[in-house]
Amino acid sequence: MTDSRKIRVAFVGTGGIANAHAEALRQQPGVELAVAVDLDASRAEAFAAKWGITRTAASLAEAIDGGRLDLVAICTPPSSHFPLALEALSYGLDAVIEKPPALSLSQMRELEKAEAASKGKLSCVFQHRFGSGAQRLLALQESGALGKPLVGTCNTLWFRDQPYFDVPWRGLWDVEGGGPTMGHGIHQFDLLLHLWGPWAEVTAFAGKLARRTDTEDASAAVVRFESGAIATIINSVISPRETSYMRLDFENATVELEHLYGYSDNNWTVTPAPGQEDAVELWKQGEDLASGHAAQYQALIRSIQHGVHPPVSISDAYATMELAAAIYASSVSGTTIARGQINENSPFFTRMDGHLEPWKQEEALNA
């Protein structure tokens, strides 16, 4: 899109997360919140009234019949992300997909193929990449000021009670795709991968420790990166003191980030190694842009206006989804999984539990 027309956005799904998208998009110049799409007409109408949207529809096809659209924000439960993204591409529309963008690596590959054949482009919501702290850290890494990455910790320690899992679409492999590894910690370890680059191999454990759910409620992994750096990743929804914590030890400094669902510059701490104080002085310079949907949409809208591919493409997100699949594969198989090992011949390529329903097996063994 190269002209000055407003970018007209359709929201598909008008539940809780759609409000974060609407709030973020309302902050972007040159954007019109055009239509609210939901199978539940009353919910669509309430959402439209809240955000000043003049039109509702029961489907994307109906929304398109009612006028020009440029961007689709897919804000539905995980199992519908893949078919809705395919539908948006079939109409030649750009689409933003909430996490996880798909339920399997095979679906990710299908989305890549569909995008290649469409005028539309896909972008995946991994908003932690876009805060100024992450941007500044990435620049410092690339400048060489921090030295080599060495050892890291990446923890998503959250708390969800049993009623949270009693919602019909939660905790099911074929609907949600997985537990906290797919649905919660993925944001934090996506940021880790964005900063430290390609991962090489992973060894992991996962299980159902405290909740009645088909998926895991906690996982722990040790990841080796192509650079040689090593990091631990813990994803939990059974941790009473909630935190999202990342610690990255470089040769010249330790960089820490602690927050819950989003961060600003105040959530970062940089501790230089002795004699390396000058190496991290640049950290104090620049604007403070909080992570979140607004930060990602700022970059996304700019890309549409300039006719370039939006940030966090399906291909960009594949490495993150592949690590999630490898954590599951390693925890179920009891083996170390290398990047690239989960291919079309692997049962974990088409479903994160490898079609084995491992935690049900665990329940049966412990009965």
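**Entry 1: the cavity**

I began with the largest cavity and listed the residues that line it, which are His21, Val96, Val125, Gln127, His293, Gln296, Tyr297 and Leu300. I note here that I am reading a predicted model. I put the volume of this largest cavity at about 50 Å³, and my search of the whole structure turned up 1 cavity of 30 Å³ or more. Which helix gives the largest share of the lining of this cavity? I found that helix 11, residues 293-305, supplies that share, with 4 residues. Sorting the lining by class, I wrote down 4 nonpolar and 4 polar residues, with no charged residues.

**Entry 2: the pocket**

I then turned to the largest pocket, for which I have a volume of about 960 Å³. I count 42 residues in its lining, and those nearest its centre are Ile17, Cys75, Thr76, Pro77 and Trp169. Looking at where the lining comes from, I see that helix 1 (16-26), helix 4, strand 7 (149-159) and helix 10 (186-196) each give at least two residues, while the largest share, 3 residues, belongs to helix 4. By class, I divided the lining of the largest pocket into 17 nonpolar, 17 polar and 8 charged residues.

**Entry 3: helix 4 against helix 5**

How do the axes of helix 4 and helix 5 cross? I noted that the axes of helix 4 (residues 81-90) and helix 5 (residues 105-116) come within 10 Å and cross at roughly 5 degrees. Angles under 35 degrees count as roughly parallel, and therefore I describe helix 4 and helix 5 as roughly parallel to each other. On the helix 4 side I listed Phe82, Ala85, Leu86 and Leu89 as making the contact, and on the helix 5 side Gln107, Glu110, Leu111, Ala114 and Glu115. I sorted this contact of helix 4 with helix 5 into 6 nonpolar, 1 polar and 2 charged residues.

Where in the chain do Trp158 and Tyr261 lie? I placed Trp158 in strand 7 and Tyr261 in the loop between strand 12 (253-259) and strand 13 (268-272), so that, at 103 residues apart, the pair links distant parts of the chain.

**Entry 4: two backbone details**

I checked the peptide bond from Lys99 to Pro100 and found it cis, with omega near -15 degrees; Pro100 itself sits in the loop between strand 5 (94-97) and helix 5. I also noted His355, whose phi is near 65 degrees, a positive value in a residue other than glycine. I located His355 in the loop between strand 14 (337-338) and helix 13 (358-366).

Conventions: Residues are numbered from 1 along each chain as its sequence is written. This is a predicted model: local features need pLDDT of at least 70, side-chain atom pairs count only at pLDDT 80 or more; totals for chains, interfaces and linings use all residues. Side-chain values use heavy atoms; hydrogens and water are left out. On a 1 Å grid over the protein atoms alone, a cavity is a set of points where a 1.4 Å probe fits but cannot get out, and a pocket is an open set with protein on both sides within 12 Å along at least five of seven lines; lining residues have an atom within 4 Å of a point. Grid points are joined across faces, edges and corners, and a volume is the space filled by probe spheres set on the points. Ala, Val, Leu, Ile, Met, Phe, Trp, Tyr, Cys and Pro count as nonpolar, Asp, Glu, Lys and Arg as charged, and the others, Gly among them, as polar. Axes are lines fitted to C-alpha atoms, for helices over the stretch in contact, and angles run from 0 to 180 degrees between N-to-C directions. Angles under 35 degrees count as roughly parallel, over 145 as roughly antiparallel, 65 to 115 as roughly perpendicular and the rest as oblique. Contact means heavy atoms within 4.5 Å.
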